[in-house]
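Please keep the sequence and the coordinates at hand.

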Amino acid sequence: MTHTEVPGTTGGRIAPLTGWRGDHDYFRFAELDRLDADAVLDVLLGRRLGVVFRGVIDAAASAELVRRFWDSPVRKRRGGEVCESLGYYVGAYHYHKPTDRYLDESAEVAPHLDDLLDVPDEPTRWFRAELDARLRRDGARLRPAEQGGRPACPVLVRHWNAQGAFALQPHEDSSQLGWPEQAGFEIQRTTERVVAAVNMCLENGEGGRLVVWNVVPDLASRTRLGLELSGSPYPVESTAGHDSLWLEVRPGDIYVFNGGHVHGVEASAPGAKRTTMAWNMGFCDDRNVVTWT
Ligand SMILES: [Fe+2]
């Protein structure tokens with residue numbers, strides 16, 4: 001054999017993923033020109049892959065948020081983990097941290113985030129208010145995840161420098177929730193239903209499409225690839241045979257989708273900037289949709 005065996009491969013070739021796939025009605029993005037909380041609920045309940053609300057963010061609000069992001073004294077640099085290339089962010093990541101540390105970092109950055117987001121027509125504010133109002137009609141609510149009365153960071157503002165084929169490698173958002181140092185944190189219970197991803201595009205150049213494959217990898221596939229606690233990165237070869245959907249993302253768009261599917265972000269054209277606001281959310285029980293970053 002000329003190939004070196006690596007986990008999850010057969011004879012040097014990477015076997016295709018196995019797992020759950022949606023039918024034709026499910027595997028698509030609904031496309032709307034104004035926020036509709038029912039369409040978000042369809043994603044949270046697993047009735048549809050995703051929804052994109054086109055051009056719903058006020059352009060002046062986007063420009064001001066981007067300006068404040070670059071000026072922020074707590075903007076940090078990030079590499080490795082789920083990013084192949086370096087990027088910048090304001091906020092806190094729960095990824096592979098003890099719950100307490102994540103909540104400490106969330107508390108530290110909170111006043112800075114409040115300042116950054118204090119902009120007229122700021123989109124995370126009205127998005128959350130509308131979704132929360134919709135959930136309350138069914139006796140549920142939307143809130144940041146918490147532990148011991150301490151809330152998770154509500155949103156990440158982030159920017160990527162694109163390099164290679166993907167600005168963000170194929171991954172899914174569920175596996176990282178199994179991190180043992182977060183045992184008992186309520187976000188872990190969201191994996192029993194849909195782990196949704198919310199993204200708000202403040203600026204984007206050519207390219208930078210979201211790609212989603214029609215597969216939610218099963219534990220056998222994740223373990224075979226050694227990704228059961230990270231969900232990243234999935235070798236592109238492992239997606240062979242699965243349908244994919246490429247969503248063009250433009251400034252002002254908000255999109256919400258089932259982050260349990262393998263997904264990635266295409267590299268942007270050279271010099272293009274991609275700045276988004278994002279969080280994850282899901283039902284942790286019948287009455288609570290919790291959010292985290
Ligand atoms: Fe993701």
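Strand S19 gives 4 residues to the lining of the largest cavity, which is the largest share. The model is a predicted one: local features require pLDDT of at least 70 and side-chain atom pairs count only at pLDDT 80 or more, whereas totals for chains, interfaces and linings use all residues. Residues are numbered from 1 along each chain as its sequence is written, and side-chain values use heavy atoms, with hydrogens and water left out.

The structure holds 2 cavities of 30 Å³ or more, and the largest has a volume of about 350 Å³. On a 1 Å grid over the protein atoms alone, a cavity is a set of points where a 1.4 Å probe fits but cannot get out; a pocket is an open set with protein on both sides within 12 Å along at least five of seven lines, and lining residues have an atom within 4 Å of a point. Grid points are joined across faces, edges and corners, and a volume is the space filled by probe spheres set on the points. The largest cavity is lined by 26 residues, and those nearest its centre are Tyr-93, Arg-158, His-171, Asp-173 and Asn-280. Two or more lining residues come from each of strands S11 (156–160), S12, S13 (196–203), S17 (254–258), S18 and S19 (274–285). Helices (H or I, at least four residues) and strands (E, at least two) are DSSP runs, numbered from the N terminus. By class, this lining comprises 15 nonpolar, 7 polar and 4 charged residues. Here Ala, Val, Leu, Ile, Met, Phe, Trp, Tyr, Cys and Pro count as nonpolar, Asp, Glu, Lys and Arg as charged, and the others, Gly among them, as polar.

Which residues coordinate the iron ion? The donors are His-171 (NE2), Asp-173 (OD) and His-263 (NE2), at 2.2 to 2.3 Å. Donors are N, O and S atoms within 2.8 Å of the metal (3.2 Å for Na, K and Ca); water is not among the atoms, so sites may look incomplete. Along the chain, the donors of the iron ion follow the spacing H-x1-D-x89-H. His-171 has a relative accessible area of 5% and is buried, and His-263 is buried at 4%. Buried means under 20% relative accessible area, exposed over 50%, and partly exposed in between (1.4 Å probe, protein chains only).

Turning to the open sites, the largest pocket has a volume of about 180 Å³. Its lining has 14 residues, with Ser-174, Thr-191, Arg-193, Val-216 and Gly-260 nearest its centre. The second largest pocket contains about 150 Å³ of space, and its lining includes Leu-113, Asp-118, Arg-125 and Pro-154. Helices H3 (99–117) and H4 (123–136) each supply at least two residues of that lining.

Elsewhere, helix H1 (residues 37–44) is mostly covered, with 7 of its 8 residues buried. After H1 comes Gly-46, which has a positive phi near 75°. Arg-48 lies in the loop between H1 and strand S5 (50–53) and is buried at 16% relative accessibility. Leaving aside residues up to four places away in sequence, Arg-48 touches Tyr-26, Arg-28, Ala-30, Asp-42 and Val-43, where contact means heavy atoms within 4.5 Å.
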